[in-house]
Amino acid sequence: MKARRVKGLDPDAALADNLERIVATRLDELCSFVPRALDPARVKALHDMRIAAKRLRYILEVAAEPCFGLYAQTAIKRTKDLQDLLGELHDCDVQLPRVRELQEELRAADALEARARAGEAPDLDPTLASGTPHAEAWRGLETLSIYLRARRGLLFERFLELWRSLERDGFRARLEYAISERPGAITPASPEGNGATPTASVASPAQDDG
């Protein structure tokens, strides 16, 4: 998925202001996959949402501590949890087609074997279809396929729970507020060496470390 272009970057502006624009764009990009990604059949939307979560997480890891308010640090963990869960879902989506493809290859090979056993017979004796060379292998793959489908269903339920939790907690609004904050700077009246406490930005009422 191609990253959305960040508009309004200014080489003469403060670093934190440009980073705010980047994070805001990546956050909007992540949230744009809802409601599509809430449909378990929308495999591509889920995959692209994982990439968007990764991009948001990486820019926050660079920018959160020096440039933004406290909740930006919390958002790193929230975004990582989302990225990891979507990554596990993606693994299932990648593995399932491969397992099914291999199943079909082995079944086709066994069908040819059963046909060869029939020779010149006018019809195929059902017993000739048993004990084929790959029977145990493709039955094992069937078990793996069932496992992957069941695991994907469970992981998707967890994804829905996580996303709804982020919405309840105001993840987007809180992060948007945090990236508009700037950590307080050391002033000449309170140098680091004299034990004075640096001036800090005032947190929003909803801000916390969790």
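Analyst: **Helices and interior packing**

Gly-170 comes after helix α4 and has a positive phi, near 70 degrees. Helices here are DSSP runs of H or I with at least four residues, strands are runs of E with at least two, and both are numbered from the N terminus. The model is predicted, so local features need pLDDT of at least 70 and side-chain atom pairs count only at pLDDT 80 or more, while totals for chains, interfaces and linings use all residues. Residues are numbered from 1 along each chain as its sequence is written, and side-chain values use heavy atoms, with hydrogens and water left out.

The protein has 5 helices and 0 strands, in the order α-α-α-α-α along the sequence. Helix α4 covers residues 135-168; its 34 residues should span 50 Å at 1.5 Å a residue, and its end C-alpha atoms are 50 Å apart, which agrees. The expected span is 1.5 Å times one less than the number of residues. The 17 residues of α1 reach 24 Å from first C-alpha to last, close to the 24 Å expected.

On confidence, pLDDT (the predictor's confidence in each residue, from 0 to 100) averages 87 over the protein, and 88% of the residues score at least 70. Over residues 190-210, pLDDT stays under 50.

Now the interior. Buried means under 20% relative accessible area, exposed over 50%, and partly exposed in between, with a 1.4 Å probe and protein chains only. Of the 210 residues, 36% count as buried. A nonpolar core is a set of buried Ala, Val, Leu, Ile, Met, Phe, Trp, Tyr and Cys residues joined through side-chain atoms within 4.5 Å. The largest one holds 47 residues, and Met-49, Leu-56, Leu-82, Phe-159, Phe-171 and Leu-175 touch the most other members. Each of α1 (15-31), α2 (43-67), α3, α4 and α5 supplies at least two residues of this core, and α3 gives the most, with 12 residues.

Contact means heavy atoms within 4.5 Å. Not counting residues up to four places away in sequence, Phe-171 touches Leu-27, Leu-30, Leu-56, Tyr-71, Ala-75, Arg-78, Thr-79 and Leu-166. Leu-27 and Leu-30 are among the buried residues of α1, and the buried residues of that helix pack against α2, α3, α4 and α5.

Gln-83, in helix α3 (residues 71-118), counts as buried because its relative accessibility is 11%. Beyond four places in sequence, Gln-83 touches Arg-50, Ala-53, Lys-54, Arg-57 and Tyr-58. Arg-55, in helix α2, is partly exposed because its relative accessible area is 22%. With the same exclusion of residues up to four places away, Arg-55 touches Met-1, Lys-2, Ala-3, Arg-26 and Glu-29; the C-alpha atoms of Arg-55 and Arg-26 are separated by 6.8 Å.

Two cysteines are also buried: Cys-67 at 8% relative accessibility and Cys-92 at 0%. With a disulfide taken as a pair of cysteine sulfur atoms within 2.5 Å, the count comes to 0.
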